[in-house]
Amino acid sequence: EANGAIGLGAFTRTLTDLSEREIHEGEVMLDAGNAVSLMTIHKSKGLEFPLVVLVDLSYEFTRAGSHTFPLMVDPAVGLVCSLNDSAFRDSDDKKRMPFAYTHAQRLANERSEAEKKRLLYVASTRAQDYLLLSGKFRLDNAGESKLSGMMAWVYDALALCDHVMGEDSAYPYSWGSVRLRFPALEIASPSSSDDRSATVTSA
């Protein structure tokens, strides 16, 4: 009311204007030498740095189609909905979604994953000389290593899936070399799961 935005339409227009101004102000880059710049992947587009550090690449994103909403609008499928009818429940009384709904969820997940891979590519190609990727892997009760998030994509792309987790090593490639480093941690109990950090350095 103080700003004169009384109606809902005027109020939303005011919020839109404020958001657009905030985005433009946030895009201003300060030219500071010998400094570390912290920024999002979107803000780093078109820039290059001698050293780029990407952290927490093992973060597990929520799948785009993991939430169950009564209605979904998909660009390819259109409007889809879930049904609460008893005919759409299995023998365990769990809800079964119609095909169009599950198909729209699958497409949403594929689009979300493709966008995250694009962002990983954008962030990785900001490095001129060195790229440091940091994340963690999990050791389950059987001693098997489990990777998640973008770090799993990096290991697949570099064909490091057969590498023994926890062993420092270096791998030569035609475009440079990759060095794996793991911190020295003691495992409290062989039967307990353990989280350990993994750092991939690309030169």
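A residue counts as buried under 20% relative accessible area, as exposed over 50%, and as partly exposed in between. That scale is used throughout this report on a predicted model.

The chain contains three helices and eight strands, and along the sequence these elements follow the pattern α-β-β-β-α-β-β-α-β-β-β. Of its 203 residues, 24% count as buried, while the chain exposes about 14,200 Å², of which carbon and sulfur atoms supply 54%. Among contacts with a separation of 6 or more, 58% are accounted for by residues 24 or more positions apart.

Helix H2, which covers residues 99-124, has 26 residues and reaches 37 Å from its first C-alpha to its last, close to the 38 Å expected at 1.5 Å a residue. The buried residues of H2 include Tyr101, Leu107, Asn109, Lys116, Leu119 and Val122. Among the elements that cover the buried residues of H2 are strand E1 (49-54), strand E2 (71-74) and strand E3 (78-81), together with helix H3 (149-157).

A search of the whole structure finds three salt bridges, which are set out below.

| Salt bridge | N to O distance |
|---|---|
| Arginine 106 with glutamate 110 | 2.8 Å |
| Lysine 117 with glutamate 113 | 3.2 Å |
| Arginine 118 with glutamate 115 | 2.7 Å |

Side chains of opposite charge can pair when their charged atoms come close. Arginine 106 and glutamate 110 are separated by about one helical turn, because they are four residues apart in helix H2. Glutamate 110 has a relative accessible area of 44% and is therefore partly exposed, and arginine 106, with a relative accessible area of 39%, is partly exposed as well.

Lysine 117 and glutamate 113 are four residues apart in helix H2, so about one helical turn separates them. Lysine 117 is partly exposed at a relative accessible area of 39%, and glutamate 113 counts as partly exposed at 34% relative accessibility.

For the remaining pair, arginine 118 and glutamate 115 both lie in helix H2, where they are three residues apart, about one turn of the helix. Arginine 118 counts as partly exposed at 34% relative accessibility, and glutamate 115 is partly exposed with a relative accessible area of 33%.

Note on methods
Residues are numbered from 1 along each chain as its sequence is written. This is a predicted model: local features need pLDDT of at least 70, side-chain atom pairs count only at pLDDT 80 or more; totals for chains, interfaces and linings use all residues. Side-chain values use heavy atoms; hydrogens and water are left out. Helices (H or I, at least four residues) and strands (E, at least two) are DSSP runs, numbered from the N terminus. Buried means under 20% relative accessible area, exposed over 50%, partly exposed in between (1.4 Å probe, protein chains only). Contact means heavy atoms within 4.5 Å. Accessible areas come from the Shrake-Rupley method with a 1.4 Å probe; for residues, only the protein chains shown count as cover. The expected span of a helix is 1.5 Å times one less than its number of residues. A salt bridge is a side-chain nitrogen of Lys or Arg within 4 Å of a carboxyl oxygen of Asp or Glu.
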